[in-house]
Amino acid sequence: MNINKVLSEFKEGIINSKKYWIIYLAFILIAALSIMNIENFMNPKLEIITILILSLSGILCISHFHIHKSDKELYKTAFIIILIFGIIFSFVTPILYGWDELEHFIRAEQTSHGEFLPEYVNGSFMTIQTTLNLLDVPGKVHFPDGLEGTGIENSTIFHTNADVEKIDYTPVPYHSAFAQNPFYGYLAPAIGMFIAKLLDLNSIWLLWLGRIFNALLYACLIALTIKKTPILKIPMIVFACVPLAIFTSSTITIDSFINGMSFLTIAYFFYMVKPKENLTSKNTLIFTFLVLLVGTCKVSCFAFIFLLPFIPKKNFEDKRSYLFSFVCILSIILIALLWTKFYANPGFFESWRSNKWLLENINTTEQINYVFNNNKETLISLLNTLGLLKDDISWNIGFHPLNLLFIGAVGLMYPIKENPFISRIGALITGLIFYVGTYFIFLLSWTPVGQLSPIMGVQVRYFIPIWILMPFIFGFNHMQGDKGEIDSYVIMITIVFIAITIFWILLQAY
């Protein structure tokens with residue numbers, strides 16, 4: 001690598017992108033001043049440091065985009081944005097504040113020492129003392145069903161001794177460890193934890209390195225996605241870099257693997273949709289394998305297999321290769337049923353969830369009977385879920401109304417090539433199956449028997465995997481021309497929302 005050449009390119013990138021990063025800095029400063037309170041202004045040291053870090057990070061990402069803005073190099077920008085801001089999220093986000101992060105942490109820690117199939121003995125899984133020590137902060141929250149977590153206040157590094165205490169390997173029991181999930185969804189944070197143990201770091205690094213490696217995994221998967229997809233590269237970056245998506249990928253959770261693999265799977269679908277007339281059974285098998293990997297981590301993602309029959313028939317090498325798609329669909333349906341019955345469901349009950357079901361009258365078998373006896377009411381309830389999205393997103397991290405408008409504008413109005421009508425219909429059907437299917441799963445597994453509305457437990461983060469289908473289905477701007485200016489503003493605004501979300505978390509937590 002020629003260091004002088006790299007520095008020269010970076011200098012040129014900064015100069016060529018100065019208009020955009022100056023606007024970025026203005027947005028960051030205005031947003032910071034508007035959400036800071038009197039206490040922040042009285043003692044602004046941490047706030048100033050954070051603004052400087054976010055400013056430099058934004059300038060770096062924007063300049064990098066202008067150096068590598070060709071379609072062949074856009075994947076580098078996606079990688080840099082997610083990795084830089086993912087690392088910042090990893091440190092700023094309070095201890096075990098991510099969704100179900102304690103339980104994911106325990107499963108990742110088990111994976112880090114080679115326990116790929118957690119053993120459930122006497123109502124508990126074994127973990128190490130440091131896991132529970134990290135939770136032992138003033139912000140600990142106890143729920144009636146036995147689940148524990150931390151609030152955003154009083155659960156930072158300043159409220160624990162984890163930064164000076166060594167890892168305590170004393171075995172201790174805990175009642176949940178996401179036994180229903182496959183181990184490979186936790187390999188990334190497990191590697192980070194393994195390194196923390198190998199280097200004999202203080203206990204907080206179990207959490208921090210686990211998060212950082214999860215963010216690295218997401219960055220790699222999204223980079224592969226952008227590199228593979230022949231269409232919608234900029235919208236792919238926007239939807240993959242929504243603050244909620246990066247925040248989630250920067251905590252210890254299986255969602256990093258799920259979301260990254262989902263985007264990669266859909267990118268491969270886009271690749272197969274692009275006219276080429278030489279798709280073979282090998283391409284279909286690759287797509288099916290991707291669906292299998294992500295579907296075993298999140299059952300609703302098995303729905304992606306229904307994209308296969310909507311790939312134009314003329315794209316296949318011969319009729320046999322096209323018909324092979326239906327064999328793959330039937331195989332995935334069978335695997336999904338077997339996986340759910342013999343692995344996911346038994347693992348689901350090896351946790352605090354079994355106690356919740358007992359306390360709140362949740363029973364899948366009885367709920368199924370109720371659904372079949374009240375099929376019209378159930379259908380109406382599921383159709384009504386299309387109107388529940390506004391409630392599901394109203395409290396989620398990073399979903400400011402302006403961010404929603406930006407996402408909608410990119411999804412509907414970004415200049416794109418016109419896609420095959422049959423493939424757009426297939427994507428719409430698949431998206432609806434995924435969306436309504438998610439609610440149906442929670443109707444059976446989280447909602448009390450006899451209750452059809454509201455359906456309990458659904459969160460907007462569960463729908464991240466299908467966001468990128470929106471511009472493919474609904475994008476109506478098929479005008480061709482120079483998109484350079486549009487792309488520059490789109491990337492800049494995407495980074496603005498990420499930075500503002502980080503600053504908001506900092507103000508809330510510290």
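Colleague: Which residues make the nonpolar surface patch of about 400 Å²?

Modeller: Leu412, Met413, Phe474 and Phe476 make it. Patch residues have over 30% relative accessible area and no salt bridge; like charges are joined within 9 Å, nonpolar side chains (Val, Leu, Ile, Met, Phe, Trp, Tyr) within 5 Å. Areas are Shrake-Rupley with a 1.4 Å probe, and for residues only the protein chains shown count as cover. Mind you, this is a predicted model: local features need pLDDT of at least 70, side-chain atom pairs count only at pLDDT 80 or more, and totals for chains, interfaces and linings use all residues. Residues are numbered from 1 along each chain as its sequence is written, and side-chain values use heavy atoms, leaving out hydrogens and water.

Colleague: Is Phe476 buried or exposed?

Modeller: Buried means under 20% relative accessible area, exposed over 50%, partly exposed in between (1.4 Å probe, protein chains only). Phe476 counts as exposed because its relative accessibility is 52%.

Colleague: Where does α14 bend?

Modeller: Helices are DSSP runs (H or I, at least four residues), numbered from the N terminus. The bend is the angle between axes fitted to the seven residues ending at a residue and the seven starting there. Here α14 bends by about 45° at Thr340.

Colleague: How many salt bridges does the structure hold?

Modeller: Five. Each needs a side-chain nitrogen of Lys or Arg within 4 Å of a carboxyl oxygen of Asp or Glu. One joins Lys197 and Glu109 at 2.7 Å, N to O. Lys197 lies in α8 (187-198) and Glu109 in α6 (101-112), so the pair ties together parts 88 residues apart in sequence. Glu109 is buried, at 1%.

Technical notes
Helices (H or I, at least four residues) and strands (E, at least two) are DSSP runs, numbered from the N terminus.
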